[in-house]
Amino acid sequence: LRLTFKIISRNLNAPKITESDYWTALRGSNFVVTTADHARERGSDNHFPPHLVYRYTEALVAETCLIAPRVPGPLKAWSHYIPFDSAAQLKKDLASLLASPEKISAIREAGANLIAERVASSSWWREVDSALGPDSLK
């Protein structure tokens, strides 16, 4: 089995990639790996729940298989995304998952369906608005 990793990043003070290139990269990926640990660190100014940011939403909308730290909220680990707590654990889990493409497809489809249902029902937007706190649109 051979995997190809592509890291898309930017240098400090460099412009972001275009929105079109961003979505093309997401849609063309079998997996998207992200971290959200920095959002929970002491002193972080981010008050949004991690599942609302840090590629969780984008990966599910792009219908790719999300690999990310466990998060509270509507996303269920092993149903909507592949969770990890450490690189060693992820390596072990991925080895067995890669031997089961039907499981990967099921996770990808369940994640995409969940986000589509939540956006269509407005529950997603109510959660985003609630997370905005004092900046809420209410």
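Helix H4 (residues 101-120) runs for 20 residues and spans 28 Å from first C-alpha to last, close to the 28 Å expected at 1.5 Å a residue; that expected span is 1.5 Å times one less than the number of residues. Helices (H or I, at least four residues) and strands (E, at least two) are DSSP runs, numbered from the N terminus. The model is a predicted one, with local features requiring pLDDT of at least 70 and side-chain atom pairs counted only at pLDDT 80 or more, while totals for chains, interfaces and linings use all residues. Residues are numbered from 1 along each chain as its sequence is written, and side-chain values rest on heavy atoms, with hydrogens and water left out.

The buried residues of H4 are Ile104, Ile107, Gly111, Ala112, Leu114, Ile115 and Arg118. Here buried means under 20% relative accessible area, exposed over 50%, and partly exposed in between (1.4 Å probe, protein chains only). Looking down the axis of H4, the buried residues fall within an arc of 155°, so they line one face of the helix; the arc is taken over the directions from the helix axis to the C-beta atoms. Over on the other side of H4 sit Glu102, Glu109, Glu117 and Ala120, which are exposed. The cover over the buried residues of H4 includes strand S1 (31-33), H2, S2, S3, H3 and helix H5 (123-131), with contact meaning heavy atoms within 4.5 Å. After H4 comes Ser122, with a positive phi near 75°.

Now for the strands. S1 and S2 pair in the parallel sense over 3 bridges, and S2 and S3 also pair in the parallel sense over 3 bridges; pairing requires that DSSP finds at least two bridges between two strands. Val32 has Leu66 of S2 as its bridge partner, whereas Ala68 stands opposite Pro83 in S3. In S2, 5 of the 5 residues are buried, so this strand is largely enclosed by the rest of the structure.

The largest nonpolar core has 15 residues, of which Tyr56, Leu66, Leu75 and Tyr81 touch the most other members. Such a core is a set of buried Ala, Val, Leu, Ile, Met, Phe, Trp, Tyr and Cys residues joined through side-chain atoms within 4.5 Å. Helix H1 (19-27), H2, S2 and H4 each put in at least two residues, and H2 gives the most, with 3 residues. Leaving out residues up to four places away in sequence, Tyr81 touches Leu66, Ala68, Pro69, Arg70, Val71, Leu75, Lys76 and Ile107. There is also a second, separate core of 9 residues, including Cys65, Phe84, Leu94 and Ile104.

Gln89 lies in helix H3 (residues 87-98) and is buried, at 18% relative accessible area. Its side chain makes a polar contact of 2.2 Å with that of Asp93; polar contacts are pairs of N or O atoms within 3.5 Å, where within protein one must be able to donate a hydrogen and the other to accept it, and residues adjacent in sequence count only if both atoms are side-chain atoms. Apart from neighbours within four places in sequence, Gln89 is in contact with Pro83 and Phe84.

Glu63, in the loop between helix H2 (56-61) and strand S2 (65-69), has a positive phi of about 60° although it is not a glycine, and is partly exposed at 44% relative accessibility. Trp78, in the loop between S2 and strand S3 (82-84), likewise has a positive phi, near 70°, and is partly exposed, with a relative accessible area of 29%.
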